[in-house]
Each structure stands twice: as C-alpha cells, then as structure tokens.
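Work through the exercises below with the sequence and the structure side by side, and try each task before reading its solution.

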Protein chains: 2
Amino acid sequence: MNNFTFYSPTYFVFGKNEENNTGKYVKRFGGKKVLIHYGGGSVVRSGLLDRIKASLQKDEIEFVELGGVKPNPRSGLVYEGIELCKKEHVDFILAVGGGSTIDSAKAIAVGAMYEGDFWDFYSGKAVEKALPVGTVLTIAAAGSEGSSGSVITKEEGMLKRSAGGEAMRPVFSILNPELTQTLPAFQTAAGVTDIMAHLLERYFTNTKDVEVTDRVIEGLLLSMIHEAPKVIENPNDYQARANIMWAGMLAHNNCCGVGREQDWGSHDIEHELSALYDCAHGAGLAVVFPAWMEYTMKHDVLRFAQLANRVWGCSMDFKHPENTAKAGIHAFRNFLKSIGMPQTLGELGGKEEDIPYLAHTASYGNGNDGTLGSFVVLKEEDIANIYRLML
Amino acid sequence: MNNFTFYSPTYFVFGKNEENNTGKYVKRFGGKKVLIHYGGGSVVRSGLLDRIKASLQKDEIEFVELGGVKPNPRSGLVYEGIELCKKEHVDFILAVGGGSTIDSAKAIAVGAMYEGDFWDFYSGKAVEKALPVGTVLTIAAAGSEGSSGSVITKEEGMLKRSAGGEAMRPVFSILNPELTQTLPAFQTAAGVTDIMAHLLERYFTNTKDVEVTDRVIEGLLLSMIHEAPKVIENPNDYQARANIMWAGMLAHNNCCGVGREQDWGSHDIEHELSALYDCAHGAGLAVVFPAWMEYTMKHDVLRFAQLANRVWGCSMDFKHPENTAKAGIHAFRNFLKSIGMPQTLGELGGKEEDIPYLAHTASYGNGNDGTLGSFVVLKEEDIANIYRLML
C-alpha cells in the first residue's frame, strides 16, 4: 500500500423526499444567491425543479437558473453560467441532474471565481478556489456528486478534458433514489456499467498488498451484480435503485482507490468513442472494458483470476489460472449483455476504418504523451489492437 | 435501506513518516496553541512525542502537553485538560495515541468550549461546539480517529458513558502503520477483534435490502481474516499493519452502517466486563460476541448463514441453514483463538457468581432502560443467559 491522503468532506443526504430540504442545506453551507443548473426535460417535467425552487423559497434563498446541459457537457454553456454568476452575484451553484450537469456546475463554480478563461483549469492550471457546489442527483453513474473532478468538452476542436481539485468537491449532495426511477433501462444499465468501470479502473493495479481496497471493490461489484438485474426488470424497485445509487458514490469518491496505483486507460479509450459517435459513456465502456481486459490479462493473470473467482464465482483452475481469468471476462461480458449493453464497436456506430484515427487520438489527444494507463502502459499500436478486439 | 446522512470530513493522512508533518496539518486547520494529549510509555520512549514536537516547532506552533491517559480513560484527567486549555488559551487539541487518548482529547475539546461541567455532554446534552481535534494514531482498534464519538469513565460510580457530535470528529488524522509495529501481539489481536466487532454490530440488522453495506462489511471482515494472522506471526509486517489500520477507520466512520439499524448490545455487554475486571475491550469482545451470536442466531438464521458462507467460507446447507450459521460462529471462535484471544469469562478474570450483577448493570446501568440492542431486544434475563454462554 502506498502513502495517501483521503478527504471526502461532502455532506451526503440520502433517501426519499430529501430534495425538499434543499433550501436547508444551501443555507447550512452559506448560500444566499443560487444558480440552479440543470439539463432540461425530465427535471422540469417531473416537477422536481419546482419542488427545489419551493424549498429555496421556503428558506428565503434567492436564485437564478440556467438549464440546457447536454451529455458530454460543453464549454459554451459554462461560459454562459460564469457570466450569469458574475452579473447576478451568485454565491452558490446548485446542480440538479446527473454527472454532466454536476461537471458543468463545477466548471462554472471555478470560472466564477476567476478573472481569466475557466479553460485554463482544464488545461492543467491548479484549482484553488471555487464557489460552493451542492447537488441533487438524478442519475446513478458518474459519481461526480462525491468527487473532486469534472470533465468538459470544448467546442473548438471537440477537446474533452478534465479538471480536479478539492474546491470543486460538492459541499452537499442529496441522493433520492426515487429520482432515478424514471430513467430508461438503457441509461440505467449504462450507469451501472460506468460504476463498475470506476471500480475496475481502481482494481487493476501494480501496487502490492492492497487487500482492504481489493475487498471493498469486490464487495461493491458483487452488490451491483445483485442489484442491477432487479432494476432492469422493475424500474420502480426503490431498494435496488438505492443500493446502486450509493454504490455509485462509493465507486468514485476514491475510498476504493486510496494507496494504490490506478489505471484510467480504458476510460480514455472510451472517451474517443463518445466523442466520435456520441454514444453514452457507459455503453462505450461496456464495449471497451472487456476488450481492454482481454488485451492486458497476461500482465497479471492471478489478479484477473482473483476477480473471476471472488466476484464472478468462477472456480479457480489452479493448474491453469488463465482459464479462470478468461472465464471471469466471459462472465462480465455476459452480465453486460444481460442488462442490455452493447458488445461491439458496430453497435456503437463505430467502423473498423476509424480505428487508426481513434488509436492516434486516444494516445496523443487531450494532452496525452502517446501512452495510456499504468497497470499496462499502452502505446498507439496496443490501443489499436484493443479497438480491434471490439469488432 | 433507510434514509440517512453521511458526513466524514476528516482529512486522513496515511503512511510512513507522516507524523513528521503534524505541524503542517495543525496549521492548515487553524491551530496556533496546541495541547498535546497522550498516554505515556511508548509514545515517549519511542521518540514519537519528540518528533511531533519538532514538527510543531518547525511550523512555529506553540504547545503545552498533558500525558497520563489510561485505557478506559477517566474524567479526572479530562477536567485537568480542560483547566489547562482555558488557562493556556489552547485552540487545538492533538491526540497522540489510541482510542482512549483520542476519546479523552475529544472530551477536553468539548469541555474547553463550555462553561459548565463537561460531563453534561456524557449525560445526554447535545454537543454543539468543541475545539478542533487532530490525531496521530498509534493503535488500530477503536476507530475514534474517524468517528464523532467518545467514551469516558467517571471515577465516582465508575460510570462509563459516551458522547457524540459532529464537532467532536477529528479535523485530521495521521495514520502511520509503522507506529503500530511496537504493539504487543495481544493488544494487536484485541484491536483486530474490536474492529471486527464494529463491523458485526452494523451487520446484524433488521433493515432489509442493504446489499451494498453488507458487502462492504463482508469485504472488510475478509481482509481482517487475511491480514491479522500475518501480523501476529510477524509484528513488523508493515503491509498487513497498513491494511488493518485502514480497515479500523472504515469499520467505524459509519460508511458501513449507513441506512441500516445497528445493534450495539454486545458492546454494552462487554463494557461491564472491562469495568469490573479491567480487561482489554477487544479481549472482552472476543468472549462476548460469539456468545451473543449463539443466543441471537435463531432470530435470523439466514443472515447468520450468509455471514458464514460469504465471510467464513462455510458451504451453505440449504436443507438446514442453521448448520451453516453455527459453522460460521464456530469459525469465528476458532479465528479469535488462533490470534490469541480468550474464549471464556474465566480467562478474563470473571466469575459465574458475578453474572446477576453484570446482567443487571448492563441492562439498567449507564442510562439504559432495562433492555439492550435492536436486532434482538435483550432483557436482563437474556443478558444473564448470554454471560452464562461465556462460561
């Protein structure tokens, strides 16, 4: 285990009807003039936005609003939000939505406290201050409600880049599983896949002696395997929604990643697919991750066998551990298929002839130096091979 | 899963040599005049106290000190600490030691901000403010480094009572596993037992649909089963010490207990043994917990079978699940024995004739209303029966 620091000071409020207490929590964390930031559609239609406004009004908190966040959130709306905050003297950002909305809110929060271009922080500048951000989560997937990171796409050049810093971590997050019940099965399954990927990206490590975090990751994966099919079968299963929602936070506030090297290569490989084909991030990961596993398995067969045995219940082949490792990847694929996720590049709208471009952009785009990952360091050629395994 | 809030804002600094950065963290959290609070013995002999003082001096932080904390910390020293803080205008309490020292420091922190008797807070008064507390942990066991609670014994009447509140949660905790390497095997094993008990007290619940927290608890228990024997065999096994130390924090900052009813009856049953026989809390729990399990097993055989199967690897007897449940309790006892823990009341210095007194005090002492627990509500007679199972 490596030395580490762990700091997760978000105040989590979990359960039914808790969004009606939004005003109370904004007040507790010092907000007097709020920007409510959201996407649109269901947040408005379901009456959620109205309930939140009523809660703010009850606590005599002023607000302005900015809707229109899209999946893979864009810089244009961020600039608009920053301008609005400065003009209206906003002192608190409230994100109502999923990971895209929260990431966009974090970008606005940083930009509102900065004289220059907020994109500086997405180009490597260290984040030092930001307006406080609170969230009302409506999608269990990204884990942005408890994380210090944000991913934004800049329209010019379609650059998808991330920023992070403690000042960007939400001060409170309200998680009501009921709010996720209207999410269609496909998006629900894509969220589950994203959560599992966040766990696996921390699982595949070269750091030795990380039994505690290994076991916590395995436990969370087991709980997803147990709960996800229930939600796919019955979208109104509150308890399964609740388990998935809380697991989504734990998967990404880094309690599973402390003291160990992590490998985010597969996330980067997927980002190219979302960027080019505009597919859901989780759906892309469902195609990318098993391929990445097949390609990197030989690097540490016993770690893959451990996952297969402990999480997928594959019996250990002590003579040929690679059989167990392979059986685990096979089980993972079957699981993803069973919850309705795609299996191939073609299902995402991808084409074989795009692979050289995808591999080149993944390895050299977005500030990368030609390689991805740390568990196995992948070069452009490796990345192309991984894309080919998705055909 | 029930509605819940989760808030764990402690800044954790984990790893080798981190105690040499104590000054930096005291400064970050606003301390200018520190009370260093500790037990004695090894903290002084090992040079740890001197290293911490040097770190404070390097950051130009003034300090006074108060040693002498004993296991099952007493109110007398707390009063002394409060007086010292007021006289010296202390604005930060730094606990250097294990759970007893941290609990004592929390009591001083609360008392130093209060005009009345600090014992009011251990008699039910709500904690609203306290001086900030930082910790340098030397024993993996109590979890007080990440928790909002404290247990103090009042000399008059030997009342052992607890207080809790967000203001008492440490602002930072430094966890260097090396500092636990000098701990003798018996105390190490008692610490492991305390950690496992903290997990099990959250595991046995009547709340339905708590798969995520179940799995995290099971994962942490599995990691303890894996790591503890390594430390008993080789006290200098840094990596095993590290896994145990981090698990100890996770077991008690309540990430494993959110959204579910918990049952702390066994902890109360043990407290009477520590109070009367002055045994180590963990050693007492090693005797109490399996007896409590035997007595309550029939209430939810399948939950016990689940634990036995998932954690102790007992194969599931689908015709007679109670056999699996029993096999799990048997495996737990064997494990505790294997790490050197006592098995019977006699080994703790206890006597059969004390049982009526123990059962009466457990059920009516310390503010209890005649019953203990929630998974199974135990009356005085049940508690006496549980003590008898320890003979």
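A crossing of two helices is called left-handed if the near helix is turned anticlockwise from the far one by less than a right angle, and right-handed if the turn is clockwise. Keep in mind throughout that this is a predicted model.

**Exercise 1. Describe how helix 7 of chain B and helix 8 of chain B cross, and which residues meet there.**

Solution. Begin with the axes: those of helix 7 (residues 211-233) and helix 8 (residues 238-250) of chain B come within 9 Å and cross at roughly 145 degrees. Next take the hand, which for this crossing of helix 7 of chain B and helix 8 of chain B is left-handed. Then list the residues that meet: helix 7 of chain B brings, among them, Leu220(B), Met224(B) and Val231(B), while helix 8 of chain B brings residues including Ile244(B), Ala247(B) and Leu250(B). Finally, sort the contact between these two helices of chain B by class, which gives eight nonpolar, two polar and three charged residues.

**Exercise 2. Work out which elements of chain A supply the side that touches chain B.**

Solution. Start from the count, in which the contact takes 34 residues from chain A and 34 residues from chain B. On the side of chain A, strand 1 (4-14), helix 7 (211-233) and helix 8 (238-250) each supply at least two residues, and the largest share, 11 residues, comes from helix 7 of chain A. Sorted by class, this side of chain A has 16 nonpolar, 11 polar and seven charged residues.

**Exercise 3. Trace the pairing partners of strand 1 of chain A.**

Solution. Look across to the other chain, where strand 1 of chain A pairs with strand 1 (residues 4-14) of chain B in the antiparallel sense over seven bridges. Phe14(A) stands opposite Phe4(B), and Phe4(A) stands opposite Phe14(B). Then turn to chain A itself, in which four bridges join strand 1 to strand 8 (residues 172-175), and these two strands run parallel. Within strand 8 of chain A, Ile174(A) is the bridge partner of Val13(A).

How values were computed. Residues numbered from 1 in each chain as written. Chains lettered and ligands numbered in written order. Predicted model: local features only at pLDDT ≥ 70, side-chain atom pairs only at ≥ 80, totals over all residues. Contact = placed C-beta atoms within 7 Å. Nonpolar A, V, L, I, M, F, W, Y, C, P; charged D, E, K, R; others polar. Pairing = 2+ DSSP bridges. Axes fitted to C-alpha atoms, helices over the stretch in contact; angles between N-to-C directions.
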